[in-house]
Amino acid sequence: MRSRRAELVEAARSVFVQKGYQQASMNDVIAASGLSAGAIYNHFSGKTDIMSAAARVDLSPFEARKDELPWEFVERCLVTLRHNVQLTRFLAITWGEAVTVPEVAEVVNEQLSLLRLRVVASYRAWAETELDFSPAELESWLQVLGSAVLSVLTGFVVQASTIQDFDADSYFEFARTILRQA
């Protein structure tokens, strides 16, 4: 059974996806949740608090599997984003708000840092057996690669959410080319 707090977060996410953070009101969140204002304020201090909680998205679909190559992991992450349009839109909205809302920025930084660490760990396991790098060269390469791959993932979110005629197939082909040459 899901907690009331989790239900409120999901209701708020749907409102933020539909209206954006700035246009969404607490009344919209209250209506979407089906609860009273008092019930919501028992769990959250306001819209920013709810947005901060909602920004902590479930990152379990973005975990590497032991049996996949690192670029397969990243491609799977892209496929997850492509097929979950609501999540992709919510991430774009959240990241936009992170620019001006410190509480949201903290959560976004935490989550993107975790995603970057997962990417680096995935490539590390492969690189240690396949590439002839010294430990220092490996660390340097992984830092650059982690940033590059994170830019591929975040670039997909931004472009898929903002460009009307975004061509996901072309983006995937571009990403495959880059990821396999890393």
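**Entry 1: Ala98**

I began with Ala98, which touches Val104, Ala105 and Val108 once residues up to four places away in sequence are left out. The model I am reading is a predicted one. I located Ala98 in helix H6.

**Entry 2: helix H6**

I turned next to the helix that holds Ala98. Helix H6 covers residues 85-98, which is 14 residues. From its first C-alpha to its last I read 20 Å, close to the 20 Å expected at 1.5 Å a residue.

Which residues of H6 are buried? I listed Leu87, Thr88, Phe90, Leu91, Ile93, Thr94, Trp95, Glu97 and Ala98.

Against which helices do these buried residues pack? I found helix H1 (4-19), helix H4 (47-55), helix H5 (70-83), helix H7 (102-130) and helix H8 (135-162).

**Entry 3: H5 against H6**

Two packed helices are described by the angle between their axes and the distance between the axes. I looked up both values for this pair: the axes of H5 and H6 come within 5 Å, and they cross at roughly 95°. H5 and H6 are therefore roughly perpendicular to each other, since angles of 65 to 115 degrees fall in that class.

I then took the residues at the contact. H5 contributes Leu81, Arg82 and His83, and these meet Val85, Leu87, Thr88 and Leu91 of H6. By residue class, the contact of H5 with H6 divides into four nonpolar, two polar and one charged. Leu87, Thr88 and Leu91 also stand in my list of buried H6 residues.

**Entry 4: Trp71**

I stayed with H5 and looked up Trp71, which has its place in that helix. Is Trp71 buried or exposed? At 11% relative accessibility, Trp71 counts as buried. With neighbours within four places in sequence left aside, I found Trp71 in contact with Tyr123, Trp126, Leu179 and Arg180. I also checked Trp71 against Ile178: they are 107 residues apart in sequence, and their C-alpha atoms are 9.2 Å apart in space.

**Entry 5: Ser122**

I placed Ser122 in helix H7. Ser122 is buried, with a relative accessible area of 11%. Which residues does Ser122 touch, not counting those up to four places away in sequence? I recorded Ala64, Pro70 and Phe73.

**Entry 6: Phe174**

I went on to helix H9 (residues 168-181), in which Phe174 lies. Its relative accessible area is 39%, and Phe174 is partly exposed. I looked up one C-alpha separation here: Phe174 and Val152, 22 residues apart along the chain, are separated by 9.4 Å.

**Entry 7: Gln22**

I then took a loop residue. Gln22 is found between H1 and helix H2 (26-33). At 52% relative accessibility, Gln22 counts as exposed, because exposed requires over 50%. Leaving aside neighbours within four places in sequence, I found Gln22 in contact with Lys47 and Glu97.

**Entry 8: the whole protein**

I closed with the overall values. I counted nine helices and zero strands, and the elements run α-α-α-α-α-α-α-α-α from the N terminus on. The C-alpha atoms fill a box of roughly 60 × 35 × 35 Å, taken along the principal axes. Of the 182 residues, 44% count as buried. The protein exposes about 9,900 Å², and carbon and sulfur atoms supply 52% of that area. For contacts between residues at least 6 apart in sequence, I noted that 65% join residues at least 24 apart.

Methods: Residues numbered from 1 in each chain as written. Predicted model: local features only at pLDDT ≥ 70, side-chain atom pairs only at ≥ 80, totals over all residues. Heavy atoms only, no water. Helix = DSSP H or I, 4+ residues; strand = E, 2+ residues; numbered from the N terminus. Expected span 1.5 Å × (residues − 1). Buried < 20%, exposed > 50% of the residue type's maximum accessible area, 1.4 Å probe, protein only. Contact = heavy atoms within 4.5 Å. Axes fitted to C-alpha atoms, helices over the stretch in contact; angles between N-to-C directions. Parallel < 35°, antiparallel > 145°, perpendicular 65-115°, else oblique. Nonpolar A, V, L, I, M, F, W, Y, C, P; charged D, E, K, R; others polar. Areas by Shrake-Rupley, 256 points an atom, 1.4 Å probe, with all protein chains shown as cover.
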